[in-house]
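Please read them alongside the coordinates.

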Amino acid sequence: MSQLNNIRAGMAVIGADGVAVGTVDGVTHHSIKLRPTGVRGEEGERPHFTPAGLIAEIEGDTVRLSANADVAVTFEDEEV
């Protein structure tokens with residue numbers, strides 16, 4: 001079963017360095033759709049996407065990525 005099946009709206013997304021990347025807004029076929037939370041941008045901007053391949057683990061209401069937050073946001077520009 002894909003890890004994406006365990007992700008739901010409102011979950012926090014954290015980089016490998018512990019820095020917040022955003023909050024899950026939804027899930028697409030191969031990525032997590034995010035609302036930005038201060039890493040870059042403001043609420044109301046177009047959505048950002050993080051590839052499912054960056055998911056390291058899901059712990060409670062938190063999605064932890066295998067990349068640091070500053071690297072993870074470079075993948076956020078379009079649906080993958």
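1. Strand E5 (residues 55–59) and E6 run antiparallel, joined by four bridges. Two strands count as paired if DSSP finds at least two bridges between them; helices (H or I, at least four residues) and strands (E, at least two) are DSSP runs numbered from the N terminus. Within this pair, Glu57 has Arg64 in E6 as its bridge partner.

2. E5 and E6 form a hairpin with two residues between them. Gly60 in the turn has a positive phi of about 60°.

3. On the basis of the model, which is predicted, local features need pLDDT of at least 70 and side-chain atom pairs count only at pLDDT 80 or more, while totals for chains, interfaces and linings use all residues. Residues are numbered from 1 along each chain as its sequence is written, and side-chain values use heavy atoms, with hydrogens and water left out.

4. Strand E1 (residues 12–14) runs parallel to strand E6 (residues 62–65), with three bridges joining them. Ala12 stands opposite Thr62 in E6.

5. Val13 is in contact (heavy atoms within 4.5 Å) with residues including Val19, Val21, Leu34, Val63 and Leu65, leaving aside its neighbours within four places in sequence.

6. Ser31 lies in strand E3 (residues 31–36). Ser31 is buried, with a relative accessible area of 0%; buried means under 20% relative accessible area, with a 1.4 Å probe and protein chains only. The side chains of Ser31 and Thr28 make a polar contact (2.5 Å), that is, a pair of N or O atoms within 3.5 Å, where within protein one must be able to donate a hydrogen and the other to accept it, and residues adjacent in sequence count only if both atoms are side-chain atoms.

Notes. Buried means under 20% relative accessible area, exposed over 50%, partly exposed in between (1.4 Å probe, protein chains only).
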